[in-house]
Amino acid sequence: MTGHAHLLYRHGDSVVHRLPAHVKVTALLAFVLIVVSTSRQHYLAFAGFAALLAVVAVVAQVPPRFIATRALIEVPFLVFAAILPFVATGERVDVLGLSLSSEGLLAAWNIAVKGTLGVVASILLAATTDARALLLGLQRLRLPARLVEIASFMVRYADVVASDLHRMRIARESRAFEARHLGHLRVVAQGAGALFVRSYERGERVHMAMLSRGYSGAMPLSGAAPATRSDWATAAALPVAAVLIALTLEVLR
Amino acid sequence: MTVQPSLDVKGLAYAYPDGHQALFGVDLTVHRGEQVALLGPNGAGKTTLVLHLNGILSGGLGTVRIGGLEVRPHERAALREIRRRVGVVFQDPDDQLFMPTVRDDVSFGPANLGLRGAELDQRVGEALAAVGMSEHVDRPPHHLSFGQRRRVAVATVLAMHPEILVLDEPTSNLDPASRRELADVIEQLDVTVLLVTHDLPYALQLCERSVVLSGGTIVADGGTADVLSDETLLAAHRLELPFGFDPRSVASDLSA
């Protein structure tokens, strides 16, 4: 592995990859706000939003398969949405011989379409922005320094904690332990407790190492490139196009 | 004016808040440019002593001076200078390297000292070159091998231009090749070194002088070859040479 690869990141060199992270985050936030504030019955508008994201994906050279597999995270929400037409009350409609609530159908559509658009847009951001750039971007957007620090430690130590966990599992299994029934939950829970204590102690040691190098409350992450006007203009294309679609349909109604 | 010793510890005693007393009056002087090994079995108080050198632990008796400046944990400005002067490399590089990239991590110390821009970049470049890790400047620490992480950890404190470099068990978990690479790095550094270890051959290779800390006091101080040849001393303080290792013949090879 090279660079600051995380699972969601797809290395590339496109206009989208090159935009500064804080510009991309702002554009994503604006886009999502427009999507959620569009009335759920503007079906065409959602088709338009989806088309916009498709354009971004093409420009960023992110293949559909890459997006689809990562969008699976959304499945629990979709399942919840799929239940709504069956349990919601109100006027019923017949679909393929099933009696469904029309209000429920609309609510399910609302959740599914807005959720999917948001998830896909976020995946596009993550696919084109490495972890460090994202942290710098959040810092530039004046996210409280403590939160940026916490996120940065998470990026740094996720692997360390995961390999601790992995080693503990191997150690258990090497002594012929297999989690076969609920009674074994106790062992697994003790493992989780031990991992917590270990991580806590590591936190103390890291803090000591930070103090030893003169840490006095501010984390000097450096090197965020300032955004140019053309960066902002490029990134604004997505939310502006989304607004235009929404407004045009409003006028045509 | 005489040159102040890099490290001057006088009558240092310390008990942890739970009542466990770790140090019972330690006296230790290390002169500028010396490379000294601090030997001792597990639980001898080595790490406790190290944590006193830069004021992380305090509150017991005695004084610690670094290049003439006394460690007083309640004076913030002085403490910052102390932490610049004492570069501690901790045992586990995963504790020491906590930033997203090697560059960020090596900049952390000097940036805390107020350096910015070109001067900061220069410090980072120098420090990484000194440990032979220049080409890894943009990689995240967790993608490096263990030996590489250890060398980057050394760079993170070298970048602060310390008066004294303190290495806490630098060879633990290293394979023989990484161990040798680290020795090459330490040997060519032009800085006072306190090497805290129970790896006795490593002490003999790198340090002319050794002190033995056991039960919270210094029980021996002398030439490394002499200390390691004193079998009764080693046996009394749970220090053991590897099988077949004869410090006298190795020392004569080294000096030849």
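Let's start where the two chains meet: 26 residues of chain A are in contact with 28 residues of chain B, contact meaning that C-beta atoms, placed from the backbone, lie within 7 Å. This is a predicted model, in which local features need pLDDT of at least 70 and side-chain atom pairs count only at pLDDT 80 or more, while totals for chains, interfaces and linings use all residues. Residues are numbered from 1 along each chain as its sequence is written, and chains are lettered from A and ligands numbered from 1 in the order in which they are written.

Helices here are DSSP runs of H or I with at least four residues, strands are runs of E with at least two, and both are numbered from the N terminus. The largest share, eight residues, comes from α9(A). Sorted by class, this side of chain A has 14 nonpolar, six polar and six charged residues; Ala, Val, Leu, Ile, Met, Phe, Trp, Tyr, Cys and Pro count as nonpolar, Asp, Glu, Lys and Arg as charged, and the others, Gly among them, as polar.

Chain A itself is divided into domain 1 (15-129 + 226-252) and domain 2 (144-212), with bounds from an automatic or database domain assignment. The C-alpha centres of these two domains of chain A lie 36 Å apart.

Now move over to chain B, where six strands form an open sheet with mixed pairing, in the order β6-β7-β8-β3-β9-β10. Strands count as paired if DSSP finds at least two bridges between them. At the edges are β6 (86-89) and β10 (217-223) of chain B, each pairing on one side only.

Follow β9(B) through this sheet. Strand β3 (residues 35-39) of chain B runs parallel to β9 (residues 209-214) of chain B, joined by four bridges, and B:Leu38 stands opposite B:Val211 in β9(B). With β10(B), β9(B) pairs in the antiparallel sense over six bridges, and here B:Ser210 stands opposite B:Gly222. β9(B) and β10(B) form a hairpin with two residues between them, and B:Gly215 in the turn has a positive phi of about 55°. Five of the six residues of β9(B) are buried, that is, 20 or more other C-beta atoms lie within 10 Å of their own, with C-beta atoms placed from the backbone.

What about the nonpolar interior? The largest nonpolar core has 72 residues, and B:Leu38 and B:Leu195 are among those with the most contacts inside it; such a core is a set of buried Ala, Val, Leu, Ile, Met, Phe, Trp, Tyr and Cys residues joined through C-beta atoms within 7 Å. Helix α6 (residues 146-158) of chain B gives the most to this core, with six residues. A second, separate core of 27 residues includes A:Ala27, A:Val56, A:Leu117 and A:Ala242.

One last stop is helix α4 (residues 102-112) of chain B, with 11 of its 11 residues buried. Among them are B:Arg103, B:Asp104 and B:Asp105, along with B:Phe108. The buried residues of α4(B) pack against α5 (117-130) and α6 of chain B. Just after α4(B), B:Gly114 takes a positive phi of about 100°.

Notes:
Buried ≥ 20, exposed ≤ 12 C-beta atoms within 10 Å, placed from the backbone.
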